[in-house]
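This report describes one protein model, from its overall build down to single residues. The sequence and the model come first.

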Amino acid sequence: MYNRIRYFLIIVTLMSFNSLAEEVKPAQTGVSGVYEVMIGTDDAKPLITFLGEFGFSVKEQARFSDSQAFKLYGVKSELTSFRLQNGDIDSHGLIRILQWKKPTGDGVGYSQPETVGQRMMVMRTKDIVRIHDVFSDARLSGEKWLPTEPIYADLYGLTEGKPNVLNRRIGVREMGIYGELVNLVFFQRYGYTIPGYGTIGDHSPLQTSEITHNDFMLGGKTKEDLYNKTNYYRDVLGFKPEGPVVLDGDWQAGPKRVFNMADGSSHWYRGFVSPNDISGKLKFFINPDIRPDRSDSQAIGQKGITLHSVYTKTPNKIYKLAQKHKLNVSKMYNNEFGEASFVIKGPDGASWQVIERKKVVNAPVLKLDLVKTNQ
């Protein structure tokens, strides 16, 4: 989204992905796309109910004692975890609720767009106007939500000629929603689909998909800062860069609206995709202007989105690379679901749990195909 996917898709149709990536090749780790977004809280019940409106339901539940949680997560608190899945999609885009008996803090909380430390999870929807109405009503009712107006863009330049009733334009509408515990982005497609990238089932009351990608707001000022903070996604985890760091800004309709950018604003952008899943993407932003910084409240144990996970058949490869690149890494330890895992914290302030997993039920889609429709 935010105009970046347009260039990615157009170039993918013309040349191999490797020619777009930087000279340094990603580590061969077998890494998945982003598997789970983990949300910390002290009361999982209302969050489970809330996420159920978007099609997520609990598939597993597990517990950790305070000593077990401290060994893996560095948080001395009893932990009850709930793994939520949207429909049949189990290869990426899940949510894990971390219910801490004693959270270490309130997290980043309700804050203005592009606050450093902010995390956003992105879902596809069939009815973005309905989503906007729902959150606008919640805001008017006194709840802490800031929805942005849906904005349209022809991201791929696929609309030919002058659009009208018969020659309908092709594109996407997207919007951001900023809340107290979670921040969300929704997008709706018109005239095309991408199989495997945002699957919506009839079970979802608000007609929304699994999480397709994730946004991270980082501290820094220059594009070199963004390279230095995110190179480990390529060198340790094995994600592919979409391309070099670029400067986006208020001249682009999508970013201006979704991030509520003032006139004259810009930010550095870098994106990554797994070589093993077209979905579960990563998007990183650094605003060179002074922004509120709540990154200290983004640590594991706090409330809100504080952790993400990936899986691989060979976690030892990533573990050794993390040590080689001098990242903060925990010992290998079974997580609360009994999965061999470890936690790393990167120079961007993000924390990742790497999980050993041999297979998933519904295999991820590896080939990105844009299919036009007559809708």
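## Terms and basis

A residue is called buried when its relative accessible area is under 20%, exposed when that area is over 50%, and partly exposed in between, with a 1.4 Å probe and protein chains only as cover. Helices (H or I, at least four residues) and strands (E, at least two) are DSSP runs, numbered from the N terminus.

The model is predicted: local features need pLDDT of at least 70, side-chain atom pairs count only at pLDDT 80 or more, and totals for chains, interfaces and linings use all residues. Residues are numbered from 1 along each chain as its sequence is written, and side-chain values use heavy atoms, with hydrogens and water left out.

## Overall build

The protein contains eight helices and 21 strands. Along the principal axes, the C-alpha atoms fill a box of roughly 65 × 50 × 45 Å.

Of the 375 residues, 56% are buried. Contact means heavy atoms within 4.5 Å. Among contacts between residues at least 6 apart in sequence, 73% join residues at least 24 apart.

## Surface and charge

The protein exposes about 16,000 Å², of which carbon and sulfur atoms supply 50%; accessible areas come from the Shrake-Rupley method with a 1.4 Å probe.

There are 48 positive and 41 negative charges, and their mean positions are 4 Å apart. Lys and Arg count as positive and Asp and Glu as negative, while His and the chain ends are not counted. Each charge is placed at NZ of Lys, CZ of Arg, CG of Asp or CD of Glu.

Strand S3 (residues 79-86) is largely enclosed by the rest of the structure, because eight of its eight residues are buried. In a regular strand the side chains alternate between the two faces of the sheet. In S3 both faces are covered: Leu79, Ser81, Arg83 and Gln85 are buried on one side, and Thr80, Phe82, Leu84 and Asn86 are buried on the other.

Two strands pair if DSSP finds at least two bridges between them. S3 runs antiparallel to strand S2 (residues 56-64), with eight bridges joining them, and Phe64 stands opposite Leu79. S3 is also antiparallel to strand S4 (residues 94-100), through six bridges; here Ser81 has Leu98 as its bridge partner.

In strand S14, nine of the nine residues are buried, so the strand is largely enclosed by the rest of the structure. One side carries Ser266, Trp268, Arg270, Phe272 and Ser274, the other His267, Tyr269, Gly271 and Val273, and all are buried.

S14 has antiparallel pairings with several strands. Two bridges join S14 to strand S12 (residues 240-241), where Pro241 is the bridge partner of Phe272. Four bridges join S14 to strand S13 (residues 246-249), and Asp248 is paired there with His267. With strand S15 (residues 277-286) there are six bridges, and Arg270 stands opposite Phe284. S14 and S15 form a hairpin with two residues between them.

## Loop residues

Most residues other than glycine have a negative phi. Asn260 has a positive phi of about 55°. Asn260 lies in the loop between helix H7 (253-258) and strand S14 (266-274), and is exposed at 52% relative accessibility. Lys326 also has a positive phi, near 60°. The loop that holds Lys326 runs between helix H8 (315-324) and strand S17 (328-329); Lys326 is exposed, at 74%.

Glu180 sits in the loop between strand S8 (171-179) and strand S9 (183-190) and is partly exposed at 45%. Not counting residues up to four places away in sequence, Glu180 touches Gly109, Tyr110 and Lys144. Ser330, in the loop between S17 and strand S18 (333-334), is buried at 13%. Leaving aside neighbours within four places in sequence, Ser330 is in contact with Leu72, Tyr319, Phe342 and Val343.

## Thr125

Thr125 belongs to strand S5 (residues 119-125) and is buried, with 1% relative accessibility. The C-alpha atoms of Thr125 and Gln188 are separated by 5.3 Å, although the two residues are 63 apart along the chain. Beyond residues up to four places away in sequence, Thr125 touches residues including Ile131, Phe186, Gln188, Ile200 and Leu206.
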